[in-house]
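Please look over the sequence and the structure below. The report that follows goes through the fold, the packing, the core and the charged pairs.

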Amino acid sequence: MNRLKKIMVTMVFLLVSVQFYAQRTHDYDKIKSLKIAFITERLNMTSQEAQAFWPIYNDYEAKRGALREKEHNQIRNKIKESDKLSEKEANDVIELFLKLEQQEEDIRKDFIKKAAEVITAKKTLLLIRSEEEFKRQLIRKYHERREEKNKNEP
């Protein structure tokens, strides 16, 4: 039961994040640029490290993006219409979801291994922390904008 609850929470988070990004596709490039600047500043890489690191990071981001798009296309509508699915179809959707989650985890593990080979282990840990900090800042700014927007609405 606990695993099913975790799966459902993850699925809800996925839907919310997909909606957030779908509504703001024009902001994606700006967010990407800010993230690159944030990571560059935090990691303080040498030019050799940066030259080796950024192609690995860009490949990682491309793979994650493709996987998220696949997840969005293959799962989102089925979740929206889950009340119309048979139990077998619902199980198939959950299995596909778990398969895609595993693929995402595998992509991340591969990236972390490759990153640690071209930047130091400490910088790799700092990268992981920096990505989380960037995500928190992004969410905080989003909430601040919404609060400001709600204050200005009659």
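## Contacts and overall fold

Of the contacts in the protein chain with a separation of 6 or more, 79% are between residues 24 or more positions apart; a contact means heavy atoms within 4.5 Å. The model is predicted, so local features need pLDDT of at least 70 and side-chain atom pairs count only at pLDDT 80 or more, while totals for chains, interfaces and linings use all residues. Residues are numbered from 1 along each chain as its sequence is written, and side-chain values use heavy atoms, with hydrogens and water left out.

The protein chain has five helices and zero strands, and its pattern along the sequence is α-α-α-α-α. Helices (H or I, at least four residues) and strands (E, at least two) are DSSP runs, numbered from the N terminus. Buried residues account for 29% of the 154 residues in the protein chain. Here buried means under 20% relative accessible area, exposed means over 50%, and partly exposed is in between (1.4 Å probe, protein chains only).

## How α3 and α4 pack

Two packed helices are described by the angle between their axes and the distance between the axes. For helix α3 (residues 47-80) and helix α4 (residues 87-118), the angle is about 175 degrees and the axes are 10 Å apart. That makes α3 roughly antiparallel to α4. Axes are lines fitted to C-alpha atoms, for helices over the stretch in contact, and angles run from 0 to 180 degrees between N-to-C directions. Angles under 35 degrees count as roughly parallel, over 145 as roughly antiparallel, 65 to 115 as roughly perpendicular and the rest as oblique.

## The nonpolar core

Which residues have the most contacts inside the largest nonpolar core? They are I39, F53, Y57, F111 and L127, in a core of 19 residues. The elements giving two or more residues to this core are α2, α3 and α4, and α3 gives the most, with eight residues. A nonpolar core is a set of buried Ala, Val, Leu, Ile, Met, Phe, Trp, Tyr and Cys residues joined through side-chain atoms within 4.5 Å.

Leaving aside residues up to four places away in sequence, Y57 touches K35, I39, F111, L127 and E131.

## Salt bridges

Side chains of opposite charge can pair when their charged atoms come close. The whole structure has 14 salt bridges, each being a side-chain nitrogen of Lys or Arg within 4 Å of a carboxyl oxygen of Asp or Glu. One of them joins the side chains of K35 and E61 (3.5 Å, N to O). K35 lies in helix α2 (residues 28-43) and E61 in helix α3, so this pair ties together parts that are 26 residues apart in sequence. Both K35 and E61 are buried.

E104 and R68 form another salt bridge, with their closest N and O atoms 3.3 Å apart. E104 is in helix α4 and R68 in helix α3, 36 residues apart. E104 counts as buried at 18% relative accessibility, whereas R68 is partly exposed at 37%. K35, E61, R64, R68 and E104 are linked in a network of salt bridges.

## A pair within α5

E132 forms a salt bridge with K135, and their closest N and O atoms are 3.3 Å apart. The two residues, E132 and K135, are three residues apart in helix α5 (residues 121-152), so about one helical turn separates them. E132 is partly exposed, with a relative accessible area of 34%, and K135 counts as partly exposed at 40%.
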